[in-house]
Amino acid sequence: MLRTRRNLAIDTANLERWLRLALLLGWIASLLAPAVSDAEPRPGADLQPRTRIQRPRIAIVIDDVGAKPGAEVGFTQLGVPITFSLLPQYRETAALAFRLQLLGFETMLHLPAQPLREREVDGPGFLTLRQGRAAFMRLLEHHLRAQPLARGVNLHMGSRLSQDSAAMARILERLKRSKLFFLDSRTIHTSVAYYEALQRGLVAQVRDHFLDHTHTSASVLEMLADARRTAETQGFAVVIGHPLPCTLRALRQFIAEHGSHVELVPLSKLMHRGLPGPRGGEDFTRRPRRRASPQTPTFGPSDRRQHSAAHH
Ligand SMILES: [Zn+2]
């Protein structure tokens, strides 16, 4: 016999009946609930991310985490769901990823990939077009093993590699097997990564704004204002920043001033699968045409005035 505080005797048979009733009510409630959810949309469904809250949604991804120990700490204290993308080639990366996951943050693998120019390579472990298939795949596996609980992947640099369909296909097929999502950082407008991801049925998304090409809080705040406008227009925006003091200061101010007007979400909430329609005025479902000079990086309208060659 169990006794409640009000001294009502409930025998186990009654308890079982109540449990069944509770389950039934839960089931009925789920039927009556509005047909929206944060889960990944089904392939072929209307693929614009939906929300039951009307506020425009912004996902903030912080790249290059792990390169400078402790640089991410301030971002974990902002009180919002930042998504951290960790470089795999550092010894502490696995432990740091685990710590961030324990704190409830979403983490990604920030996969080092061939930039436009050799001299931009800033560490070991880059996937390049020169590697043979076996070496390429071994290195990819090695990096994936560094972060077994990562939710998705984006490229570190990668302006050269992301223009190559065959190389992207190798990566994306492997990510698909592990049900990892892919974010195309679009460090170059001729990236085929998002197109290839959609073709292969991956859950994918594209970066809308880079926050900190210029390392001042004022310019990061301008980028965040642009991101808010993008989110108001298309319902959501994906921004990428780096663990820099100016980015942290600007985010703190943005959250204080705009936090109630936007909903900050983990990146996985803004993913979609399949072939959505034109997005943000640009049709990403068409294979990007290579221009006469594919080596010239360009950025979206809001990035153009801030762009530097620092992160290709
Ligand atoms: Zn990076």
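**Exercise 1.** Determine which way the residues of strand E8 (residues 203–206) point, and whether they are buried or exposed.

*Solution.* The structure is a predicted model, in which local features need pLDDT of at least 70, side-chain atom pairs count only at pLDDT 80 or more, and totals for chains, interfaces and linings use all residues. Residues are numbered from 1 along each chain as its sequence is written. Strands (E, at least two residues) and helices (H or I, at least four) are DSSP runs numbered from the N terminus. Val 203 and Gln 205 point one way from E8, while Ala 204 and Val 206 point the other way. All four are buried, a term that requires 20 or more other C-beta atoms within 10 Å of the residue's own, with C-beta atoms placed from the backbone.

**Exercise 2.** Find which strands pair with E8, and in which direction they run.

*Solution.* Pairing requires that DSSP finds at least two bridges between two strands. Strand E7 (residues 181–184) runs parallel to E8 and is joined to it by three bridges, with Leu 183 opposite Gln 205. Strand E12 (residues 272–273) runs antiparallel to E8 through two bridges, and there His 272 stands opposite Ala 204.

**Exercise 3.** Locate Ala 231 and explain why it is classed as buried.

*Solution.* Ala 231 lies in helix H7 (residues 217–234). Ala 231 is buried because 24 other C-beta atoms lie within 10 Å. Beyond its neighbours within four places in sequence, its contacts include Pro 56, Ile 58 and Val 262, where contact means backbone-placed C-beta atoms within 7 Å. The C-alpha atoms of Ala 231 and Ala 59 are separated by 9.9 Å, although these residues are 172 residues apart along the chain.

Methods. Buried ≥ 20, exposed ≤ 12 C-beta atoms within 10 Å, placed from the backbone. Contact = placed C-beta atoms within 7 Å.
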